[in-house]
Amino acid sequence: MPTVSPPAKVLVTGANGYIAAWVVRALLEAGYAVRGTVRSAGKGAHLKALFAGKGDFEVVVVEDITKDGAFDEAVKGVDLVQHIATAVTFSIKHPDELIIPAIKGTVGLLGSVIKSGSSVKRVVFTSSTAAILRAPEAPGKWDETSWNEPSVEEYKAKGNKTDGVTAYQAAKTLSEKAAWDIYEKSRSSIAWDMVVLNPPYVFGPPINEQLSLNQSMLDLYETVVTGVDDAKLASGTGWIDVRDLAQAYVLAGSTAAAGGERITVSAGTFFWQTLADVANSITPAPISGLNKGKPELIKGKPFPIDFHTGKAERIFGLKLRLRPLEETIRDSLVFFASLGEK
């Protein structure tokens with residue numbers, strides 16, 4: 001199966017996003033040339049400054065990823081596509097705010113690769129463990145054979161009354177299914193293969209321009225700083241550090257065995273109370289007066305959701321370093337503390 005090694009050119013969609021900015025950095029540090037898409041020239045200014053002198057980096061504007069042919073020009077002359085652009089929020093007025101862009105962006109990008117990406121050797125598609133777990137069947141331990149069909153069924157049944165979390169899960173499930181459908185139907189006529197990465201909650205210090213906290217870091221901030229309700233504290237799922245996830249993207253492009261695979265990349269499981277416990281155990285404390293939550297809520301309680309990571313371990317091996325939770329939380333707290341200094 002094809003692999004893409006430095007100094008090949010990589011297209012990173014949504015390059016100004018929380019995960020994507022770290023992916024751009026990791027690719028540049030590995031010796032790749034990077035072309036990042038943003039929705040406006042203004043959104044690319046921070047990236048140009050951030051990566052000035054760090055390698056071969058360019059920004060192109062794709063104003064609306066849902067438009068036909070939106071990526072036709074962006075995919076020309078690149079060897080690897082890392083599709084990361086997507087909305088990650090639970091605060092919506094209508095589920096289609098998440099679902100339609102996720103599907104249309106996926107279909108449009110792959111259509112552009114098929115039509116105009118003659119040099120592309122591999123596409124790395126960003127999905128999520130939200131497309132794998134099958135709530136409300138939790139507790140459970142899920143692997144890559146599982147699909148979150150219940151979220152899609154709930155969306156079809158409730159329509160515009162679908163809550164934000166379910167809409168996000170349905171968006172990730174439907175967009176990933178669309179990607180696989182296009183890939184499988186086109187395999188006989190294309191020269192590239194596809195890798196899908198399914199990360200869980202992503203934590204760690206951002207390097208992208210911070211107009212507001214992304215959803216996962218907002219959830220972490222509310223848990224350890226402002227406080228959340230008991231139901232949230234006693235729930236949980238998987239997690240990974242954003243810096244380690246960025247390395248997974250590099251490996252997904254350069255590892256032959258990853259081709260054609262759906263891969264869960266997770267560092268472990270947590271309760272939200274666990275994050276409060278870890279945050280309060282760090283000394284010296286980057287932030288004073290942290291929320292302690294209610295440790296008794298999870299005493300003796302099994303993790304409600306977990307994910308098998310054997311495939312990632314087999315394919316990426318020791319090349320993928322996974323930080324301990326304490327390091328991720330400490331660095332996140334240092335970032336939160338810095339917000340008060342600006």
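Predicted model: local features only at pLDDT ≥ 70, side-chain atom pairs only at ≥ 80, totals over all residues.

Modeller: The buried residues of helix 9 are Trp272, Gln273, Thr274, Leu275, Ala276, Val278 and Ala279, and they pack against strand 8, helix 6, helix 7 (230–233), strand 9 (236–241), strand 11 and helix 11.

Among these partners, helix 6 deserves a careful description. Two packed helices are described by the angle between their axes and the distance between the axes. Here the axes of helix 6 and helix 9 come within 9 Å and cross at roughly 65°, and the crossing in which helix 6 passes helix 9 is right-handed. On the side of helix 6 the residues that meet helix 9 are Asp219, Leu220, Thr223 and Val224, while helix 9 contributes Trp272, Leu275, Ala276 and Ala279. Sorted by class, this contact of helix 6 with helix 9 has six nonpolar residues, one polar residue and one charged residue.

Trp272, which belongs to that contact, also takes part in an aromatic cluster together with Tyr201, Phe203 and Phe270.

A pair of aromatic rings is described by the distance of the centres and the angle of the planes. The model contains 12 aromatic pairs. In one of them, the ring centres of Tyr221 and Phe336 are 5.1 Å apart and the planes stand at 80°, so the pair is edge-to-face. Since Tyr221 lies in helix 6 and Phe336 in helix 11 (residues 325–339), this pair ties together parts that are 115 residues apart in sequence. Tyr221 counts as partly exposed, because its relative accessibility is 27%, whereas Phe336, at 5% relative accessibility, counts as buried.

A further pair is formed by Phe271 and Phe303, whose ring centres are 5.0 Å apart and whose planes are at 20°, so that this pair is stacked. It links distant parts of the chain, with Phe271 in strand 11 (residues 268–271) and Phe303 in the loop between helix 9 (272–281) and strand 12 (305–307), 32 residues apart. Phe271 is buried, with a relative accessible area of 3%, while Phe303, at 39% relative accessibility, counts as partly exposed. The loop between helix 9 and strand 12 also holds Pro284, and the peptide bond from Thr283 to Pro284 is cis, with omega near -10°. Another cis peptide bond joins Pro6 and Pro7, where omega is about 10°, and Pro7 is found in the segment before strand 1 (9–12).

Returning to helix 6 (215–226), the loop between strand 8 (201–203) and this helix contains Ile207. Ile207 has a relative accessible area of 16% and is therefore buried, as the cut-off for buried is under 20%. Setting aside residues up to four places away in sequence, Ile207 touches Ala21, Trp22, Arg25, His46, Leu50 and Phe51. The C-alpha atoms of Ile207 and Gly238, which are 31 residues apart along the chain, are separated by 22 Å.

Two other places can be set beside this picture. Asp79, in the loop between strand 3 (57–61) and strand 4 (80–83), counts as buried at 16% relative accessibility. When its neighbours within four places in sequence are left aside, Asp79 is in contact with Val4, Ala8, Lys9, Ser119, Val120, Lys121 and Arg122. In helix 4 (residues 149–158) the buried residues are Pro150, Ser151, Val152 and Tyr155, and what covers them includes helix 3 (96–116) and helix 5 (164–186). Just after helix 4, Gly159 takes a positive phi of about 60°.

Note on methods:
Residues numbered from 1 in each chain as written. Heavy atoms only, no water. Helix = DSSP H or I, 4+ residues; strand = E, 2+ residues; numbered from the N terminus. Buried < 20%, exposed > 50% of the residue type's maximum accessible area, 1.4 Å probe, protein only. Contact = heavy atoms within 4.5 Å. Phe/Tyr/Trp six-rings, centres within 6.5 Å; stacked < 30°, edge-to-face > 60°. Axes fitted to C-alpha atoms, helices over the stretch in contact; angles between N-to-C directions. Left-handed = near helix turned anticlockwise from the far one by under 90°. Nonpolar A, V, L, I, M, F, W, Y, C, P; charged D, E, K, R; others polar.
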